[in-house]
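Thanks for coming, everyone. I have one protein to walk you through today. Please take a look at the sequence and the structure before I start.

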Amino acid sequence: MTVLKLYHNPLSTNSRRVWIALLEKEIEFELVALKLNGDQFQPNFLAISPFHHVPVLADGDFHVIETLAILDYLEAKYPAIALMPENAQERTIARMIQMVTVNELTPAMSPLVRQTFGGEADPEKLEKAQQQVATVLRFFEGLLGDNSFFGKGDRITLADVVAGVSVPWLPELGVSLDEYPKLQAWCDRLNARDSWQKTQASPELVEAFKAQMKQLMKPQQS
Ligand SMILES: N[C@@H](CCC(=O)N[C@@H](CS)C(=O)NCC(=O)O)C(=O)O
């Protein structure tokens, strides 16, 4: 039997989503770590990931790129521990959360990241980004309701996996979750899980990353 390989970087949010799904589904896999300061442009890697991104899942000779496609593949191939609800409405809610995270929340987080690390922040863009993040949080808070997890109530889904590695970062970017107590409790619930704990980047790596970001964002001297 071939063992799945996950090409990843420990600081990559997208890689972490796949890593968490593999752990939650109790699938055997190997990690292949890439440094994103050049490894991703090596011809061997470009041959399996033409857009030079992690994550990549290798199942023998079959290579999958794009986080959501990888998660769909794992769900289809390893249904024993299901991370998607059966019910049509619950399943669609879980899918909506994944797509809103990737298409609405993630782009809105970019200006906040710039500002947090001392980059030049266009006040108009920043204001727009903050409003967009607030809209996402209100939407998520409403959909979560009194359930422990998105879509299926009391069992974790891919919606939790995808949104649950982004939303907990927001306070670091200056967005308080105080107005969203259900989401705050959901973040605490996820952060306490083994899969979240095991995939958390070490404090040293996070500090090194922050220092690197601050350096990158420094205004250039002319
Ligand atoms: N749409 C892709 C995006 C993947 C992505 O942006 N990966 C980042 C790390 S989170 C990366 O590999 N960056 C390095 C590069 O693009 O050269 C997905 O969902 O998997």
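**Contacts, sheet, core and domains**

Let's begin with contacts: among those in the protein with a separation of 6 or more, 68% join residues 24 or more positions apart. Keep in mind that this is a predicted model.

Now the overall dimensions. The C-alpha trace spans about 55 × 50 × 25 Å along its principal axes. What radius of gyration would a compact globule with 222 residues have? It would be near 17 Å, and the protein has 18 Å, so the two agree. How much of the protein is buried? Of its 222 residues, 32% count as buried.

Next, the parts list. The protein has nine helices and four strands. Follow the chain and you read β-α-β-α-β-β-α-α-α-α-α-α-α.

On to the sheet. A general point first: strands of a sheet pair through backbone hydrogen bonds, either parallel or antiparallel.

Let's take two of the pairings. Strand 1, residues 4-8, runs antiparallel to strand 3, residues 56-59, and three bridges join them. Find Lys5, and opposite it in strand 3 you will see Ala58.

Val56 stands opposite Ile65 in strand 4. These two strands form a hairpin with two residues between them. Which residue of this hairpin takes a positive phi? That is Gly60, with phi near 65°.

In soluble globular proteins, nonpolar side chains tend to be buried together. The largest nonpolar core here has 45 residues. Which of them touch the most other members? They are Val18, Ala21, Ile97 and Leu158. Several elements give two or more residues to this core, among them strand 1, strand 3, helix 1 and helix 5 (123-144). Helix 4 gives the most, with seven residues. The core also draws at least three residues from each of domain 1 (4-77) and domain 2 (88-197).

Zoom in on Ala21. Leave aside its neighbours within four places in sequence. Ala21 is then in contact with Leu71, Leu74, Leu83, Leu158 and Val161.

Last topic: the two domains. The domain assignment gives domain 1 as 4-77 and domain 2 as 88-197. How far apart are their C-alpha centres? They lie 22 Å apart. Across the boundary, 10 residues of domain 1 are in contact with 10 residues of domain 2. On the side of domain 1 that touches domain 2, helix 1 and helix 3 are the elements that give two or more residues. Helix 1 gives the most to that side, with seven residues.

Note on methods: Residues are numbered from 1 along each chain as its sequence is written. This is a predicted model: local features need pLDDT of at least 70, side-chain atom pairs count only at pLDDT 80 or more; totals for chains, interfaces and linings use all residues. Two strands pair if DSSP finds at least two bridges between them. A nonpolar core is a set of buried Ala, Val, Leu, Ile, Met, Phe, Trp, Tyr and Cys residues joined through C-beta atoms within 7 Å. A residue is buried if 20 or more other C-beta atoms lie within 10 Å of its own, exposed if 12 or fewer, and partly exposed in between; C-beta atoms are placed from the backbone. Domain bounds come from an automatic or database domain assignment. Two residues are in contact if their C-beta atoms, placed from the backbone, lie within 7 Å. The radius of gyration is taken over C-alpha atoms; the globule rule is 2.2 Å times the number of residues to the power 0.38.
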